[in-house]
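The sequence and model come before the notes.

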Amino acid sequence: MFSDNSRAIYLQIADRICDEILARNYTEESRLPSVREYAASIEVNANTVMRTYDWLAARDIIYNRRGIGFFVAQDALKKVIEIRRRELYDQGLPRFFHRISLLGITADELHVLYSRYLNNHQNSSK
């Protein structure tokens with residue numbers, strides 16, 4: 001699960017939870033597993049999961065109901081999308097554009113490839 005040695009484990013766990021929100025596996029107002037339950041399920045220290053939950057709560061993606069647990073916030077999906085888009089724009093796309101430029105891939109080729117991807121993806125999700 002933790003394949004990115006350059007990124008802290010609690011952030012990799014946060015990415016995983018955000019992925020679950022994007023996939024609609026965790027929906028608004030749904031309860032997350034307890035810190036101990038989640039830690040046991042992914043075999044990490046509970047303090048690491050608590051750090052993850054605190055990081056997500058600081059970004060208003062989840063919130064804590066004292067004595068009850070952590071829940072997905074109202075606009076969590078929107079916030080995760082905003083965060084992921086910003087990361088893509090700031091980090092992913094510049095690297096991607098640099099690589100396709102080095103490979104001589106044109107905007108027209110990229111458009112064709114992306115259109116093909118969307119077409120295949122739409123057909124496979126039906």
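How many salt bridges does the count come to? I worked on a predicted model, and the count comes to four salt bridges.

**Entry 1: salt bridges**

I began with Asp-15. Its side chain meets that of Arg-7 in a salt bridge, at 3.0 Å from N to O. I looked up the accessibility of both partners. Asp-15 counts as partly exposed at 22% relative accessibility, and Arg-7 is partly exposed with a relative accessible area of 27%.

Asp-15 also meets Arg-84 in a salt bridge, at 3.9 Å from N to O. Asp-15 lies in helix H1 and Arg-84 in helix H4, so this pair ties together parts that are 69 residues apart in sequence. I noted Arg-84 as partly exposed, with a relative accessible area of 22%.

I then followed Arg-84 to Asp-19. The two form a salt bridge, and their closest N and O atoms are 2.7 Å apart. This pair links distant parts of the chain as well, with Arg-84 in helix H4 and Asp-19 in helix H1, 65 residues apart. Asp-19 counts as partly exposed at 40% relative accessibility. Through shared partners, the salt bridges join Arg-7, Asp-15, Asp-19 and Arg-84 into one network.

**Entry 2: the core**

Which residues touch the most other members of the largest nonpolar core? The core has 26 residues, and I listed Ile-17, Ile-21, Tyr-38, Val-49, Tyr-53, Leu-56 and Ile-61 as those touching the most other members. Helices H1 (9-22), H2 (35-42), H3 (46-58) and H4 (76-103) and strand E2 (69-72) each supply at least two residues of this core. H1 gives the most, with seven residues.

I checked Tyr-38 by its contacts. Setting aside neighbours within four places in sequence, Tyr-38 is in contact with Ile-13, Arg-16, Ile-17, Tyr-26, Pro-33, Val-49 and Tyr-53.

Next I looked at Thr-52, which has its place in helix H3. Is Thr-52 buried or exposed? Thr-52 counts as buried, because its relative accessibility is 0%. With neighbours within four places in sequence again left aside, Thr-52 is in contact with Tyr-10, Ile-13, Ala-14 and Ile-17.

**Entry 3: aromatic pairs**

I found a count of five aromatic pairs. For Tyr-53 and Phe-70, the ring centres are 4.9 Å apart and the planes stand at 65°, so I wrote the pair down as edge-to-face. The pair links distant parts of the chain, with Tyr-53 in helix H3 and Phe-70 in strand E2, 17 residues apart. Both Tyr-53 and Phe-70 are buried. Ring pairs link Tyr-38, Tyr-53 and Phe-70 into a cluster.

Tyr-114 and Tyr-117 form a stacked aromatic pair, with 6.4 Å from centre to centre and 15° between the planes. The two are separated by about one helical turn, because they are three residues apart in helix H5.

**Entry 4: a surface patch**

Tyr-114 is exposed, with a relative accessible area of 52%, whereas Tyr-117 counts as partly exposed at 49%. Leu-118 is found in helix H5 (residues 107-124) and counts as partly exposed at 30% relative accessibility.

What do Tyr-114, Tyr-117 and Leu-118 form on the surface? I recorded a nonpolar patch, with about 320 Å² of accessible area for the three residues together.

How values were computed:
Residues are numbered from 1 along each chain as its sequence is written. This is a predicted model: local features need pLDDT of at least 70, side-chain atom pairs count only at pLDDT 80 or more; totals for chains, interfaces and linings use all residues. Side-chain values use heavy atoms; hydrogens and water are left out. A nonpolar core is a set of buried Ala, Val, Leu, Ile, Met, Phe, Trp, Tyr and Cys residues joined through side-chain atoms within 4.5 Å. Buried means under 20% relative accessible area, exposed over 50%, partly exposed in between (1.4 Å probe, protein chains only). Helices (H or I, at least four residues) and strands (E, at least two) are DSSP runs, numbered from the N terminus. Contact means heavy atoms within 4.5 Å. Patches are made of residues with over 30% relative accessible area and no salt bridge: like charges are joined within 9 Å, nonpolar side chains (Val, Leu, Ile, Met, Phe, Trp, Tyr) within 5 Å. Accessible areas come from the Shrake-Rupley method with a 1.4 Å probe; for residues, only the protein chains shown count as cover. Rings of Phe, Tyr and Trp (its six-membered ring) pair if their centres lie within 6.5 Å; planes under 30 degrees apart count as stacked, over 60 as edge-to-face and the rest as tilted.
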